[in-house]
Each structure stands twice: as structure tokens, then as C-alpha cells.
Amino acid sequence: MWWKNNPLLEFVYVKDPKHPLVAPHEHIVVQDTPAPADCVVSNVALKGAKRVAPEINFLIANSTQSPLELAASLSLIYEAHGLQFDFAPTQQEATQSVLEVFTYNSTICQYHQRRVECCGKCTEVCPTLAITKLDPEIAKSKGLECIDNRHLEINQQDCIDCGRCIAVCPSGSLHYNALSLECMQAIAKLYQGYIPLLLDKNTDLPTIPLKKEVLPLSLNANILEQTYLLTLLQESGAQVVLYAKELGVGTLESITLLNGIYEKIYQKKAVLCAFSPDELKTCLEHAQILEHTRFSPPTTPTHTKRDLFAKRLAHMVGEGGFGQVPCGDFIRYGHIKIFESCTLCLACVGACNTNALSIDGNDYRLLFNPSLCTTCGYCVPTCPEKCLELERDGIHLHPSYFTPQVMAQDNLFACRMCGKAMGTTKSVLKIAKFMEARFQGDTRRIASLYVCADCKVKVMLEDIVDISAILR
Ligand code: SF4
Ligand code: SF4
Ligand code: SF4
């Protein structure tokens, strides 16, 4: 436990006169009054406390657990908040950065620096214009270096920490500092064997009986999207209950997606959503531990949200086939089609910043992994052959959805003089066909199209070269 090596950082429990018999584990310092304390986590707002965990008093007031069970549950909640403190950027990092509520990685953004508008979902949900799209004209007028590319402008000082942008960002460009995906992977492991009850931090906590298996977690519910939620679902091995007065579109669509998937595979809902105390009561009555759904792979720090989701979902699907689950307007899934006319020029691979498209260089194969595709659509206008089509038809619950599929394949074209490889057959023949018309029957120049750069000189300058053999 991290706090044992760090005596300066500790957990504080301020006694509640209404529940005087609560006895937390010994590593939690008990105070009679809310006196200032330099601590990491406290159950009530205290001067000096880095984090407040309101669900501690909520659990104490509503729990049906025995004193020992309750003490164990409280420890887990303190630890969950301790992890959030550990994973958050340090004060030094935070002051160096303009960004505070979230950090933005422009290199994987699907709007920024693109010639065509493919995303901007975050700007559609942001209520305060803290994130805005700058199209090329506006970017130019602001003196930003820009020919025909777009800019995503972030004004963190206007951000009200609503979290809605985090849930709709398909690429993971927006990283929520207070609760990163990596942190959620660590927290979720604490909830193993419990039914996680997610309480939106901006929603008043009701008085409601909690069955023994329920373990609450207070957080910003609007950041929750499919990867956060599936992590919690699989690590706990239970349905998740979510209580909020309202939820952003990204969270709602993610819940619909996950419920569709769970219903197909387990014939159960994944997330039970409540917007009032009465609804919460019903959800808590119905929520179940689903032991067979538990999956706890090692924490992987560097993967993107799509990649993590794909790995977890692939495990659920296994070798089975469970049909298709539709997606929404913000949480989008689908696949691309590539037609015969593909020349393997690889422009689409260069355009794709999710690694959904890749090349198997040894076999000259263009590969596509649907589970990594955000359906941004940027590859479509990038393709010079116009042989690419995008379909936003949701997730296919089949093993092939999670492995790279061969979309196009070609052989190497060998120089017709020396036999050296000079490109893919389709691309060489395409260029040759295009140029032949321009060379107007000049056989020597036409022959030069079918030989490598070294042999081209010989074809053009040496009379002894057998042109007819090259043009066979
Ligand atoms: S957290 Fe909310 S207010 Fe802040 S940038 Fe995101 S959407 Fe806008
Ligand atoms: S939602 Fe994410 S990928 Fe899309 S524009 Fe915003 S930051 Fe970029
Ligand atoms: S394959 Fe195309 S649509 Fe999918 S993420 Fe890559 S560029 Fe976007």
C-alpha cells in the first residue's frame, strides 16, 4: 500500500455524530472534528485535504454491511481516491501547462491539421466555447500557420469541467487529468466482486438502502464512455449502476452501445442508469454480480481508448458470433470497404492516425482493423483512386472485427531488364498506362516506363537495348 511508504500523505475520517460506531481500518486517521489536516483524502471538506470523497459518508449512512465489511469498503474508497491523487499531474506539471482540467494531444486529434473536417465532436458538446474549431480562413486571420488545414483551439480558462468533451472524443486526444483511463484501470481492480455504484459528483446523494455488494464511487459521470465503463464492468465482474441528474450525449450513447453488446452476449444490461432516487432504488434492487463477465488483464499504460476497448471486447466475443450492435452519432463505429481499383499507393495509411489501416510490407498487403477505426472518414477523400468507402454501421461482434483484415494485395513488379523490384504491379502499370498516351507511340520512352531507374538510362541512351523485349 502506497501510504505506508509516505507517512505525510494519509487518509482522514472525520467522525459523524449520527454514526459514532464506525471504526475504519487503522491506516485511516480518525478526527473528532473537521480540523485542518494535511491529508490526501478526507470524507468531508477539510482545509489541507487534497481530495474529498463524499461517498464515504453516503456509504456509512446507507450501508447494510457488518462493521468489518464496512471498514473494508471504506478502505477501498479511500484507496480509489488516493489513486486519483497519484495519477493526476503533479502541481509542478500542472502549473507548467496551460491545460488543467484535461490535456490535449493534437497529434492524434481527428480535426486538427486536417484538410477535410472529420471530427470536432468535442466542440459540439462544449457548453462554454472552451474548445472551438478554426477553419483555414479563421486560422489564417489569427496569424496561425495554415494553408488549408484546420486548427482546434483550446481555451482552458473557459472550461467548467463538465467532462462532456472527454466522453465524445473518439481518439483519446482529450485526457481527463483528474481521472485518466490508466487510473480507472487501477481503480476498477479495487471493485472486483462489488457492484460499482457510480455517483455523479454534481448530483445530490440520496438516502437509499445499499445492499452489501454495492460499493460507491463519486466521479464526474460525464467523462464516462465505453472504455471507462467496460473497464469497470469487467474488472468488477458485475453490472454497473450509474446515478446522475443528467448525462452528456457521449455517456448516454456509450451506455446504449454497451447495453446492446451485453444483451447480445450475456442477455443482461451492462449499465443501469438512474436519474431520480426512485429509479436508483429500482436499479440497485436489480443490479447483479455477473461472475462470468469478469476479465482482469494486466494494466496497459500506453494504449489508446479504442485499443483498450477492443482488447476487452475481443475477450468477451471470443470465438463466438453475436451479430451487430448499432452505434450513435457521437460514439461511432463501423468499417471501410476498399474496391479492386486500389493501387496500394498507401495514401490512406498515411492519413489514418489510429493505426486502423496498416501495411504488411513483406507481402504487399493493405490491412484494416475495424476495431481501431473511429470512422472519422479522413481516408476516403485522401484516396486518389476514389476506391474507399466508409460505413458507420456499428460494431460486429465477431472475432474478425478485432484482427487486421486484408483489404488489398499486390505483387512486386520486376524491372523488365534487370529484374529488380521497382514497386507494386498495380501502381507501375497504372502510371505506365497514364504516361503511354502522352508518349504518342515513342516506343523507347514507353519501354522506359517498365524498367527501374538504373535501366531507364540504358533504355534511353543505348541503341543495343532490345525495346521489343521490354514491351513484350
Ligand atoms: S470539460 Fe466541458 S467546458 Fe470544459 S472543454 Fe470539455 S466540454 Fe468544454
Ligand atoms: S473530439 Fe477529440 S479527435 Fe475530435 S476534434 Fe475533439 S479532440 Fe480532436
Ligand atoms: S481507417 Fe479511415 S475512417 Fe478509420 S480511423 Fe483510419 S482514417 Fe479514419
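Contact here means heavy atoms within 4.5 Å. Helices (H or I, at least four residues) and strands (E, at least two) are DSSP runs, numbered from the N terminus.

Quick housekeeping. This is a predicted model, where local features need pLDDT of at least 70 and side-chain atom pairs count only at pLDDT 80 or more, while totals for chains, interfaces and linings use all residues. Residues are numbered from 1 along each chain as its sequence is written, chains are lettered from A and ligands numbered from 1 in the order written, and side-chain values use heavy atoms, with hydrogens and water left out.

Back to α11, residues 305–317. Its 13 residues should span 18 Å at 1.5 Å a residue, and the end C-alpha atoms are 18 Å apart, so the two agree. That expected span is 1.5 Å times one less than the number of residues. Of those 13 residues, 10 are buried, and the buried set includes Lys-305, Arg-306, Asp-307 and Arg-312, along with Leu-313.

Just past its end, Gln-267 takes a positive phi of about 55°.

So which residues touch the most other members of the largest nonpolar core? They're Leu-224, Ile-261 and Leu-313, in a core of 100 residues. A core here is a set of buried Ala, Val, Leu, Ile, Met, Phe, Trp, Tyr and Cys residues joined through side-chain atoms within 4.5 Å. Setting aside neighbours within four places in sequence, Leu-313 contacts Leu-230, Ile-261, Ile-395, Leu-397 and Phe-402. Apart from that core there's another, of 18 residues, including Ile-336, Val-349, Phe-368 and Cys-379.

Speaking of cysteines: Cys-379 is buried because its relative accessible area is 11%, and Cys-373 counts as buried at 9%. A search for disulfides (cysteine sulfur atoms paired within 2.5 Å) finds zero in the whole structure.

Last stop, ligand 2. Of the 13 residues around it (a heavy atom within 4 Å), Cys-109, Gln-110, Cys-119, Cys-122 and Cys-169 come nearest.

Note on methods: Buried means under 20% relative accessible area, exposed over 50%, partly exposed in between (1.4 Å probe, protein chains only).
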